[in-house]
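Here are my notes on the fold. Please read them with the model open beside you.

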Amino acid sequence: MAELAFASATELARRIKNKEVGCVELLTYFLDRVDRFNADLNAIIVDIRDEAMARAKEADQALASGRDWGPLHGVPMTVKESYDVTGTPTTWGVPELKDSIAGKDALSIARLRDAGAVIFGKTNVPYMLSDFQSYNDIYGTTNNPWDLARAPGGSSGGSAASLAAGMTGLEMGSDIGGSIRNPAHFCGVFGHKPTWLLLPPRGHATRGVLSPSDISVIGPLARSATDLALAVGICGGPDEIASRGLSLELPRLSKSPGELRVAVWRDDDIARVDASVAARVDAVAGALAETGAEVDFDARPVDSEHSHTVYQCLLQATMSARLPEERYEAVRQQVEAMDPGDTSRGATVQRSQVARFREWTANNEQRTHLRWQWHDFFQRFDVLVSPIMSTSAILHDHRPFGDRTLTVNGKQEPYFNQVFWAGLASGAYLPATVIPTGLDDLGLPIGVQLTGPEYGDLVTIGIAEFLEQQGFAFQPPPGY
């Protein structure tokens, strides 16, 4: 049974359907691992094992009678705390929401259940899903299984830690500024940020909110690229309203690796990356070049400064809209007190937190121009290879954001500069897949980001599947 801890969800489903392992047996196995390892990690923070065990028994009975529930029949999995799962709290790490109990499943959770998944818990997040670390005053701090003194990333930090430690078969996270991709990188697993709204997010919101959030997406984390494609297929596609006239048919990777045209963006002055990270970007580019792929290190789809400013303005507007009224009012007063003559990027971004609709629309127009620039770029290239973060997993640091820094190539850099790499895809609604690429000198995993055109989700995942076969694969942390 030991190898099951780190098997893909696809492999687990295969073994269940071949009756090599039972659904109750497999759930019991993962729950035993949770009981052994979660106390140190604090990754799984909502436990619904009794409900899950009843469902696992039903799954065994269904299989015995020849009924197949779908591609995840009987596979145990967990989901990020920010999803509505019937009867569980959906707090987003906000103490005032600790008693907010979901009355129904999120659409994506219902789709996963319809595909046969057995959901047995929820995983930890930072306050309002707004950090590269995962801690809050309700559930405490989640640790990285590669080094308990380090963060597992955020905001889907509990998701990635649970997968890396072999405590769950599959995970669902969400991403607005790297919240799937950063934890995948920090914990050495696969993660996919889908094209915006490709996976309907209804039920991934604070209580009563139905409107999809700008930029934000939901998506999977897994121990294999194949699982990412499986989860996108299950959770993707129009919701009940849109399905009256729309259906989903995503293009798949139609080229051999040797036919790919690959652009590489390995570093940038806005967000310098550590030499260890740049080396892994080079390794991925080199692996593709060895197959015969055309690799270009100089091609750029957009201007760094302009793209980042537009993304930050739209991001800050979206994040501030989520704030409680009193906190939003404090931000508004801070902005009013600013020097009107300050036109720096920092001031522009700060003002965007309380922007008028006219100002937001102007930023959205700039975003639309950037989307078309990316579209033109992907007429010439199939994928962009880049970092997702500036360093490997950071030590826990719960000081105020303004006091935090990163050490990059021996120099101190602002903590949030590294959101630049996530923003390249997020700001333009693009899909991006993070793959594990090996360890740095500290023995910590490093992920690399593969960005593709809008609705090219299965293309970036397809390239990830090829690279996984070349050795850019999940490896379990020592001791698990």
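At what angle do helix α9 and helix α12 pack, and how far apart are their axes? Point 2 takes this up.

1. Ground rules. This is a predicted model, where local features need pLDDT of at least 70, side-chain atom pairs count only at pLDDT 80 or more, and totals for chains, interfaces and linings use all residues. Residues are numbered from 1 along each chain as its sequence is written, and side-chain values use heavy atoms, with hydrogens and water left out.

2. Helices α9 and α12. Helix α9 (residues 304-321) packs on helix α12 (residues 357-380) at about 135 degrees, and their axes are 10 Å apart. Axes are lines fitted to C-alpha atoms, for helices over the stretch in contact; angles run from 0 to 180 degrees between N-to-C directions. That makes α9 oblique to α12. (Under 35 degrees is roughly parallel, over 145 roughly antiparallel, 65 to 115 roughly perpendicular, and the rest oblique.) On the α9 side, H306, S307, V310, C313, L314 and A317 make the contact; on the α12 side, W360, N363, N364, Q366, R367 and L370 do. Contact means heavy atoms within 4.5 Å. By class, this contact has 6 nonpolar, 5 polar and 1 charged residues. (Ala, Val, Leu, Ile, Met, Phe, Trp, Tyr, Cys and Pro count as nonpolar; Asp, Glu, Lys and Arg as charged; the others, Gly among them, as polar.)

3. Helices α7 and α14. Helix α7 (residues 225-235) and helix α14 (residues 457-469) pack at about 155 degrees, with axes 8 Å apart. The two are therefore roughly antiparallel. A225, T226, L228, A229 and V232 of α7 meet L458, I461, A464, E465 and E468 of α14. The residues here divide into 7 nonpolar, 1 polar and 2 charged.

4. The sheet. An open, mixed sheet holds 11 strands, in the order β1-β3-β2-β6-β8-β7-β14-β15-β11-β9-β10. Two strands pair if DSSP finds at least two bridges between them. β1 (44-47) and β10 (294-296) are the edge strands, each pairing on one side only. The twist averages 30 degrees from one strand to the next.

5. Inside the sheet. Strands β11 (residues 383-386) and β15 (residues 445-451) run antiparallel, joined by 3 bridges. V385 stands opposite L450 in β15.

6. Overall. The protein chain has 14 helices and 15 strands. These are DSSP runs numbered from the N terminus: helices are H or I, at least four residues; strands are E, at least two. The C-alpha trace spans about 70 × 55 × 50 Å along its principal axes.
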